[in-house]
Amino acid sequence: MTSATYRIEVFHRISDPRCEVVRKKLAGLGFAISAVHISDNYLVNADIDEGQAIAVGRLLVQPVIQDFLVNRPYMPEGFDYAVEIGFLPGVTDNIAHTVRESIEDLLKVPLDIEKSVFSTITYFF
């Protein structure tokens, strides 16, 4: 995949408990990290328009505690480093498969099983 048509970044508007777990684990390893932020990212390579991509973003969030951005980077305040982790080609990305199926159900369009959706997670320190 050279580039995705849409990048949907999902992040918490209120405290995400995963962030504190990661911060404590890094502190236990000797890193002086004051805060961690996390975004769950979905790279969608499909023939959909921006309105449909926004609908997909709405599908992926819990609207009470989360928000999303489409093709705009999530940039929490006060971070120095960002580390993004995704699956290597050939490794099963179960989250991406579930998101692909959800998009197909929402938009009533068939998507390529292997090349239409990828997931990553970004840690901001």
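Q: Which residues does R23 touch, not counting residues up to four places away in sequence?
A: Start with where R23 sits: helix α1, residues 17-28. Helices here are DSSP runs of H or I with at least four residues, strands are runs of E with at least two, and both are numbered from the N terminus. Contact means heavy atoms within 4.5 Å. With residues up to four places away set aside, R23 touches I33, S34, A35 and V36.

Q: What pLDDT do side-chain atom pairs need in order to count?
A: Residues are numbered from 1 along each chain as its sequence is written, and side-chain values use heavy atoms, leaving out hydrogens and water. This is a predicted model, in which totals for chains, interfaces and linings use all residues, local features need pLDDT of at least 70, and side-chain atom pairs count only at pLDDT 80 or more.

Q: How far apart in space are R23 and H37, C-alpha to C-alpha?
A: R23 belongs to α1, and H37 comes 14 residues away from R23 in sequence. In space, their C-alpha atoms are separated by 9.3 Å.

Q: In what pattern do the helices and strands follow each other along the sequence?
A: The parts list first: three helices and five strands. Read along the sequence, they come in the order β-α-β-α-β-β-α-β.

Q: What radius of gyration does the chain have?
A: This one is taken over C-alpha atoms, and the globule rule is 2.2 Å times the number of residues to the power 0.38. For 125 residues that rule gives 14 Å, and the chain comes close to it, so it is as compact as a globular protein of that length. The C-alpha trace spans about 50 × 35 × 20 Å along its principal axes. The radius of gyration itself is 15 Å.

Q: What share of the contacts with a separation of 6 or more comes from residues 24 or more positions apart?
A: Take the contacts in the chain between residues with a separation of 6 or more.

Q: Is strand β1 largely enclosed or open, and how many of its seven residues are buried?
A: Buried means under 20% relative accessible area, exposed means over 50%, and partly exposed is in between (1.4 Å probe, protein chains only). Strand β1 covers residues 6-12 and is largely enclosed by the rest of the structure, because its buried residues number six.

Q: Which residue in β2 stands opposite E9?
A: Two strands pair if DSSP finds at least two bridges between them. For β1 and β2 (residues 37-44), there are six bridges, and the strands run antiparallel. Within this pairing I8 stands opposite Y42. The residue facing E9 is N41.

Q: Which residue in β3 stands opposite H12?
A: β1 also pairs with β3 (residues 66-70), through five bridges and in antiparallel fashion. Opposite H12 you'll find Q66.

Q: What is the bridge partner of V44 in β5?
A: β2 is mostly covered, with seven of its eight residues buried. It is joined to β5 by eight bridges, and the two run antiparallel. In β5, V44 has as its partner V117.

Q: Does R100 count as buried or exposed?
A: R100 lies in helix α3, residues 94-107. Leaving aside neighbours within four places in sequence, its contacts are L111, D112, I113, S116 and V117. Because its relative accessibility is 8%, R100 counts as buried.

Q: What phi does K108 have?
A: K108 is in the loop between α3 and β5, and it is exposed, with a relative accessible area of 68%. It is not a glycine, yet its phi is positive, at about 60 degrees.

Q: And what phi does N71 have?
A: N71 sits in the loop between β3 and β4 (82-86). It is partly exposed at 45% relative accessible area. Although N71 is not a glycine, its phi is positive, at about 55 degrees.

Q: What distance separates the C-alpha atoms of V109 and E84?
A: V109 is in the loop between α3 and β5 (117-124) and counts as partly exposed at 25% relative accessibility. V109 and E84 are 25 residues apart along the chain, and their C-alpha atoms are separated by 29 Å.

Q: How far apart are the centres of the positive and negative side chains?
A: Lys and Arg count as positive and Asp and Glu as negative, while His and the chain ends are not counted. Each charge is placed at NZ of Lys, CZ of Arg, CG of Asp or CD of Glu. There are 11 positive and 17 negative side chains, and the centres of the two sets lie apart by 5 Å.
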